Structure formats: C-alpha cells, structure tokens
Amino acid sequence: MHWGMLIDLRKCVGCYACTVACQNENKLPFDMKYCKVSKVGPIGEYPNLTAYNIPIGCMHCQDAPCVDGCPTGASYHREDGIVAINPEKCVGCQFCMVVCPYGVRQMNKETGIVEKCKMCFERLEEGMVTRCVETCQLQARYVGDLDDPDSEIVKLIRKNNAQPLYSHLGTKPSVYYIMP
C-alpha cells in the first residue's frame, strides 16, 4: 500500500474549497494552510491566452529531503508512503522547512511545531477519503493506492500521462497532476 494523490488541473477552478476544508479538518489557525492554491498564467499570446489553478500541498516524497534532514527523526515515512511528523519529537528547528523543495511546511506559532499535510491518514485508515477529495465538487482530486495497478488513481495517471511537480529533483513525489 502506497497512498498517493492525483489532481486534475483541467477541472480545478481555484475555489479554495480544498484549502478551507483542510483548515477545518486540521483545526488550523487562520494564517496556516496545508493546501495552497496558486494561479498560473496568463500563458500564451493574445488572443490565445490560458491560465490555470494549481493546488500545492505536501508531495509525500518517497525520497523526502525533509525526512533525511530532520535531526530529531520527527519527520518520517509511514509504511503506507505518507510522510508524517511526530509532534513529540519536533523541536521546531525548521530545518525541514529549509530543505523542502515545495515550500509546504509551516511553523505553527501556537504549538512551536512544524506542520504540513498528513494526507488525512486517520480518515484513510477508517476507509474514508481525504477531506480535500471529499470536498472537491468538481472531482478534480483523487486519492488511492499507487501500488495497485488496477486502482482508479493508477489508471487515471496512466490514461492522462499525469506527472509529479519538479520530478527532475529526484524526490519521487506521491502527488501527480493532470496538466491542462
């Protein structure tokens, strides 16, 4: 079992429902967001311009610099591929924030602990989908087992030639994108 996510940028309209749902699910302070949505564009030349939205959260990299660089072992890989943080081991040194090529880790000023998306592993363990997937009304998000060649997510990745962001960095992200 290796949990992964697929985001279809052809469907995402930048409504921020995933961001707000994630904040509510994780009881985050107003200024913290595990899932940020960025606008890309305009791209092209008039009259053929385009733009799209790209939600960015933790990529749950298989070769995660944040895990390798954490001096206390607070950042770790779960057996299911999810990169997690043990809050009892985190000392708030922020080194993981520095080495994350996606810039998704954040210091929670209330707790003094670095936090990020944990792919709602508690929900997944209970047989539910992540809150962001559940909330996306346009079905632009999918979560599933990347190790199962017959899973919906793997079939969609293959069918649409979905790719992770910055694959050239060699971190082997577990989040894939269908480009517009």
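This is a predicted model: local features need pLDDT of at least 70, side-chain atom pairs count only at pLDDT 80 or more; totals for chains, interfaces and linings use all residues.
On a 1 Å grid over the protein atoms alone, a cavity is a set of points where a 1.4 Å probe fits but cannot get out, and its lining residues have an atom within 4 Å of a point. Residues are numbered from 1 along each chain as its sequence is written.

**Cavities**
- Three cavities of 30 Å³ or more are counted, where a volume is the space filled by probe spheres set on the points, joined across faces, edges and corners.
- The largest cavity holds about 210 Å³.
- Its lining consists of 23 residues, and Met-5, Cys-35, Cys-117, Cys-132 and Arg-141 lie nearest the centre.
- Two or more lining residues come from each of β1, α1 (17-25), β3 (48-56), α5 (131-135) and β9; helices (H or I, at least four residues) and strands (E, at least two) are DSSP runs, numbered from the N terminus.
- The lining of the largest cavity comprises 15 nonpolar, four polar and four charged residues; Ala, Val, Leu, Ile, Met, Phe, Trp, Tyr, Cys and Pro count as nonpolar, Asp, Glu, Lys and Arg as charged, and the others, Gly among them, as polar.

**Sheet**
- Three strands form an open sheet in the order β8-β1-β9, with mixed pairing; two strands pair if DSSP finds at least two bridges between them.
- The edge strands, β8 (141-145) and β9 (175-178), each pair on one side only.
- Five bridges join β1 (residues 3-8) to β8 in the antiparallel sense, and Trp-3 has Asp-145 of β8 as its bridge partner.

Conventions
Side-chain values use heavy atoms; hydrogens and water are left out. On a 1 Å grid over the protein atoms alone, a cavity is a set of points where a 1.4 Å probe fits but cannot get out, and a pocket is an open set with protein on both sides within 12 Å along at least five of seven lines; lining residues have an atom within 4 Å of a point.
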